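Thanks, everyone. Please put the model up.

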2 protein chains.
Amino acid sequence: MTRLPTKDIDRLAGLVAGGDRKALAHAITLAESTLGPDRDAAEKLLTKLLPRTGQALRIGISGAPGAGKSTFIEALGTYITKTGKTLAVLAVDPSSQRSGGSILGDKTRMSLLARDPQAFIRPTPSGTTAGGVARRTRESMLLTEAAGYEVVFVETVGVGQSETAVAGMVDLFVLLVAPGSGDDLQGIKRGTMELADLVLVTKADGDLSEAANRAFGDYRGALSLMRPKYLGMPPEIARVSALSGTGIAESWSIIQTLWQKLKSAGHLEELRKMQVRSWFWSEVQTTLVEALGTDPAVAAEAGELEKAVLAGRLLPEAAAGTLIRAFRKA
Amino acid sequence: MTRLPTKDIDRLAGLVAGGDRKALAHAITLAESTLGPDRDAAEKLLTKLLPRTGQALRIGISGAPGAGKSTFIEALGTYITKTGKTLAVLAVDPSSQRSGGSILGDKTRMSLLARDPQAFIRPTPSGTTAGGVARRTRESMLLTEAAGYEVVFVETVGVGQSETAVAGMVDLFVLLVAPGSGDDLQGIKRGTMELADLVLVTKADGDLSEAANRAFGDYRGALSLMRPKYLGMPPEIARVSALSGTGIAESWSIIQTLWQKLKSAGHLEELRKMQVRSWFWSEVQTTLVEALGTDPAVAAEAGELEKAVLAGRLLPEAAAGTLIRAFRKA
């Protein structure tokens with residue numbers, strides 16, 4: 001992508017704010033780029049659009065592969081657009097490069113939403129770290145908000161740090177779990193459940209109805225052992241079937257009720273301020289550590305220092321001190 | 001504390017290595033100090049003693065207030081010293097300042113261990129952040145190892161980040177839970193269970209036997225829903241009574257078996273390398289961020305930048321860039 005002159009950024013911002021889909025897609029591509037001039041342009045664009053952001057209901061949706069995320073998003077998504085609301089679907093998937101396929105790369109996965117004029121689906125950016133993807137997804141989310149989307153789904157698969165990253169940018173976090181044998185239940189990552197405001201047992205239909213009921217009971221029990229994220233707002237649990245449509249309206253109703261609760265108690269404003277503050281300081285840390293990591297004087301020393309530390313010849317604290325001195329002198 | 005000349009550090013190192021309890025206590029005080037000259041001396045001392053560290057079995061012990069940590073540590077601790085092993089007990093308790101009482105400040109809390117010549121109990125350092133306490137506790141642990149202690153307990157109360165910090169410096173993490181009503185069970189912090197290699201239901205005696213059995217079943221169910229930290233090493237669970245002595249020998253046997261498993265599979269070496277590497281890089285980050293935080297040029301800008309970010313006038317990324325430029329120029 002080439003460097004954009006300021007007047008082009010102004011024009012792009014205007015188009016995004018007007019809800020132009022092609023302009024939005026282009027803006028997200030700009031935000032996803034790692035090239036310096038693109039980053040500068042993305043920053044200018046986002047700064048210009050910031051006042052137009054923040055009004056959307058931000059929902060994180062997670063679940064292990066096979067939990068039924070695509071079909072659920074398709075079902076809930078079309079339900080939401082039928083109520084007249086607009087919806088953007090983004091994804092954080094640091095594993096897409098490893099697994100060889102992007103979770104949103106193929107729009108046929110959500111064929112109804114992909115053709116829905118009130119929905120905007122963005123394929124997964126790939127080829128970066130979880131942190132990098134998270135940063136871009138946050139910016140993509142702001143861009144879709146500036147374009148007027150009223151509900152944003154941020155989808156993630158249950159791997160690595162991506163769930164925590166997504167939980168740190170949304171208002172509500174939904175965890176999808178599939179019914180199955182006891183073995184399947186073990187697949188839930190330790191610590192994932194603690195992020196959830198709503199757990200949905202999927203595929204609650206046909207042959208799996210009984211298993212779904214058992215899973216519902218098991219997860220309800222496990223959730224009851226945990227301290228709620230917000231006082232007076234324990235995590236909810238429900239059964240859904242994207243096939244029969246069971247529980248879709250209920251899920252949306254639960255999500256809206258939780259969001260209203262958050263808003264009315266002032267928690268939402270607080271939560272978002274906290275998220276922005278920690279985003280700021282994590283950007284400071286990331287940028288600092290990046291600067292440290294790309295500094296030739298530091299690179300020359302880091303390897304040797306780490307080796308000495310691992311061999312037990314040097315105290316980590318002493319090695320860190322040496323590295324920082326090299327950095328500040330450079 | 002005054003600056004120690006090099007020959008005094010050499011002498012202190014010799015005394016610590018010889019198992020001198022007063023010298024060890026003095027060395028830990030040095031490591032706990034925040035004064036520059038003390039820190040330098042502590043670093044020199046630790047570097048000298050590093051080759052003598054690493055042989056101990058490191059156990060983290062956590063549990064909410066009232067879970068019975070003191071009585072359990074006293075019971076298991078005296079059991080261990082009776083087998084001929086030496087034991088050091090340290091504590092991470094960032095809350096001690098707030099709550100007005102250090103969890104290990106009063107040695108009468110563990111009166112048997114306090115008089116046991118094979119045990120070394122160190123009261124909690126207080127008045128610092130969780131991160132600061134963790135750093136010092138890690139150094140104190142190394143000092144006790146250099147002094148020849150074969151088993152180290154690092155005790156923490158289930159608040160804030162201290163559990164994660166402790167889990168990051170020990171080989172095995174033990175979580176104590178008290179039986180009780182359903183309400184009590186909710187007190188377990190979300191995410192705490194994921195750290196545990198062994199969950200112990202305490203007070204499994206007398207009137208509480210039945211409740212302990214129920215809690216045992218509940219927690220076993222909750223644990224079975226979680227993915228084990230190490231493949232083939234699912235978290236264990238047992239019932240103990242410090243009062244009657246039930247389960248104390250069993251706990252020690254489980255801990256030793258888990259440690260042998262870790263060692264034989266090469267996991268222990270891997271785990272400790274990972275811990276040291278992440279300690280190194282977290283020291284680098286901490287030191288960098290401290291340097292940034294104490295820089296007057298940065299301090300002058302940080303407040304205004306954060307305000308602009310929170311007000312939605314400035315992108316966190318842009319604000320971070322501005323701050324870093326101020327830092328590197330300074």
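Start with helix α4 of chain A, residues 69-82: at 1.5 Å a residue its 14 residues should span 20 Å, and the end C-alpha atoms are 20 Å apart, so the two agree. The expected span here is 1.5 Å times one less than the number of residues. Helices are DSSP runs of H or I with at least four residues, numbered from the N terminus.

Before I go on, the conventions: this is a predicted model, local features need pLDDT of at least 70, side-chain atom pairs count only at pLDDT 80 or more, and totals for chains, interfaces and linings use all residues. Residues are numbered from 1 along each chain as its sequence is written, chains are lettered from A and ligands numbered from 1 in the order in which they are written, and side-chain values use heavy atoms, with hydrogens and water left out.

Back to α4(A). Eleven of its 14 residues are buried, so the helix is mostly covered, where buried means under 20% relative accessible area with a 1.4 Å probe, protein chains only. Among the buried ones are F72(A), I73(A), L76(A) and I80(A). T78(A) also sits in this helix, and it counts as buried because its relative accessibility is 15%. Leaving aside residues up to four places away in sequence, T78(A) touches I73(A), L112(A) and L113(A); contact means heavy atoms within 4.5 Å. After the helix comes G84(A), with a positive phi near 100 degrees.

Now the two chains. The same surface serves both, since 100% of the contact residues of chain A recur in chain B.

How much area do chain A and chain B bury between them? About 5,700 Å², 65% of it on carbon and sulfur atoms; that is the accessible area (1.4 Å probe) lost on being put together, summed over both. In contact are 62 residues of chain A and 62 residues of chain B.

There are four salt bridges between the chains, each a side-chain nitrogen of Lys or Arg within 4 Å of a carboxyl oxygen of Asp or Glu. One salt bridge joins the side chains of E317(A) and R39(B), at 2.9 Å, N to O. Of the elements on the side of chain A that touches chain B, α12(A) gives the most, with 14 residues.

Key:
Helices (H or I, at least four residues) and strands (E, at least two) are DSSP runs, numbered from the N terminus. Buried means under 20% relative accessible area, exposed over 50%, partly exposed in between (1.4 Å probe, protein chains only). Buried area is the accessible area (1.4 Å probe) that two parts lose on being put together, summed over both.
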